[in-house]
Amino acid sequence: MARVVLVHGVAQQFEGPELLSLRLRAAVRDGVKLASGMELQSEDVACAFYGNVFVEPGSRSGDLPPWDEHDVEDGLEADLLDAWWQRAAELDDEVPPADEAGTRGPVGFAASRLLLSRWVRGALNALSEAQFFQPASKRILVAELKQVRRYLDEPPVWQAARAAVAAQVGADTRVLVAHSLGSVVAYEALCENPGWPVTTLVTVGSPLGLPVIFRRLSPLPEEGRGAWPGGVARWTNVADPGDIVALVNSLGPLFESGPAGGVVDRTITNGVRMHDFQRYLTAPKTATAIAAGLHESPA
């Protein structure tokens with residue numbers, strides 16, 4: 001089995017396990033070689049693929065419903081959209097702040113579907129001006145909100161996603177590298193399986209610290225602190241400050257410590273592709289953490 005397992009984030013339902021592995025495997029091999037001189041073989045790296053769990057049975061992967069502001073649900077979806085909007089406004093002058101758009105946020109509109117829809121339309125319009133979100137249509141933004149909500153709320157979805165990770169973890173696996181929503185999947189899978197031989201978790205572009213997600217983690221945080229992820233010895237978290245998804249980019253204060261200390265937070269710059277998994281994988285700080293993990297022995 002692979003020594004390094006990669007766990008992708010949202011919006012990968014258009015991909016497949018082999019197609020995604022080709023690109024990401026090359027990125028992690030390049031990153032580790034340039035950062036440490038270590039040569040990883042192709043079979044040393046695998047990708048846990050769960051994008052297919054978000055495809056409706058009998059449909060093609062490209063069939064996205066015609067979602068708009070009327071389809072964003074109150075609660076988690078609206079809260080996550082609000083968090084993205086606030087962070088985008090902080091980072092990008094082209095994005096109007098929420099208060100300038102004439103809204104009190106989703107909480108004040110919980111009793112009115114019409115008012116919530118108007119607020120969501122304003123949020124989607126604002127985010128479409130952000131450099132971070134410009135490649136994504138409003139329809140895709142809504143789809144991403146729904147994927148996060150479905151993973152957190154629907155047992156068949158989180159069970160299938162965690163099973164995809166488990167299927168790639170074997171006796172030789174030492175490092176899990178998890179991106180975006182995949183960091184939530186990997187974290188919860190590790191908590192469920194403390195006997196895994198994985199010694200190192202590397203999270204990149206992670207939303208684990210975002211309150212709307214943090215308070216829903218499994219296991220639930222206690223007294224404001226999340227559990228340490230299973231039997232890993234080290235956890236490194238890498239974030240680009242411009243990455244809106246990783247808007248809480250210091251996880252150390254939020255989680256318990258492990259055998260070698262708490263979460264080690266690192267910041268990098270990914271250029272205009274702030275949230276791109278491939279950019280994170282080739283970053284020296286990410287690659288150095290991966291290489292160090294490959295020298296760890298299971299407890």
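User: If axes are lines fitted to C-alpha atoms, for helices over the stretch in contact, at roughly what angle do the axes of H5 and H6 cross?
Analyst: This is a predicted model, and in it the axes of H5 and helix H6 (residues 181–192) come within 9 Å. The pair meets through Trp158, Ala161, Arg162 and Val165 in H5 and through Val185, Glu188, Ala189 and Glu192 in H6. Angles from 65 to 115 degrees count as roughly perpendicular, and H5 and H6 are therefore roughly perpendicular to each other. Their axes cross at roughly 75 degrees.

User: How far apart are the end C-alpha atoms of H5?
Analyst: Helix H5 covers residues 155–168, which makes 14 residues. At 1.5 Å a residue, a span of 20 Å should result, and the model agrees with this, because the end C-alpha atoms of H5 lie apart by 20 Å.

User: Within what arc do the buried residues of H5 fall?
Analyst: In H5, the buried residues are Val157, Ala161, Arg162, Ala164 and Val165. Seen down the axis of H5, these buried residues line one face of the helix. An α-helix has 3.6 residues a turn, so residues three or four places apart point the same way. The face turned away from the buried side of H5 carries the exposed residues Pro156 and Ala167, whereas the buried residues fall within an arc of 145 degrees.

User: How many of the residues of H2 are buried?
Analyst: Helix H2 (residues 76–91) reaches 23 Å from its first C-alpha to its last, close to the 22 Å expected at 1.5 Å a residue. Its buried residues include Trp84 and Trp85, and also Glu77, Asp82 and Arg87. H2 is mostly covered, and the count of its buried residues is 12 of 16.

User: At roughly what angle do the axes of H1 and H9 cross?
Analyst: The axes of helix H1 (residues 17–36) and helix H9 (residues 284–293) come within 8 Å. Val28, Gly31, Val32, Ala35 and Ser36 in H1 meet Pro284, Ala287, Thr288, Ile290 and Ala291 in H9. H1 and H9 are therefore roughly perpendicular to each other, and their axes cross at roughly 85 degrees.

User: Is Glu223 buried or exposed?
Analyst: Glu223 lies in the loop between H7 and S5, and its phi is near 55 degrees, a positive value in a residue other than glycine. Because exposed means over 50% relative accessible area, the value of 84% for Glu223 makes this residue exposed.

User: Is Ser180 buried or exposed?
Analyst: Ser180 sits in the loop between strand S3 (175–179) and H6. Although Ser180 is not a glycine, its phi is positive, at about 55 degrees. Since buried means under 20% relative accessible area, Ser180, at 4%, counts as buried.

User: Which residue is joined to Pro219 by a cis peptide bond?
Analyst: Pro219 is found in the loop between helix H7 (211–214) and S5. Most peptide bonds are trans. Here omega is about 5 degrees, and the partner of Pro219 in the cis bond is Ser218.

User: How far apart in space are Ile244 and Gly205, C-alpha to C-alpha?
Analyst: Ile244 is found in the loop between strand S5 (234–239) and strand S6 (264–267). Its relative accessible area is 2%, so Ile244 is buried. Ile244 and Gly205 are 39 residues apart in sequence, but in space their C-alpha atoms are apart by 8.5 Å.

Definitions and conventions:
Residues numbered from 1 in each chain as written. Predicted model: local features only at pLDDT ≥ 70, side-chain atom pairs only at ≥ 80, totals over all residues. Heavy atoms only, no water. Helix = DSSP H or I, 4+ residues; strand = E, 2+ residues; numbered from the N terminus. Buried < 20%, exposed > 50% of the residue type's maximum accessible area, 1.4 Å probe, protein only. Expected span 1.5 Å × (residues − 1). Arc of directions from axis to C-beta. Axes fitted to C-alpha atoms, helices over the stretch in contact; angles between N-to-C directions. Parallel < 35°, antiparallel > 145°, perpendicular 65-115°, else oblique. Contact = heavy atoms within 4.5 Å.
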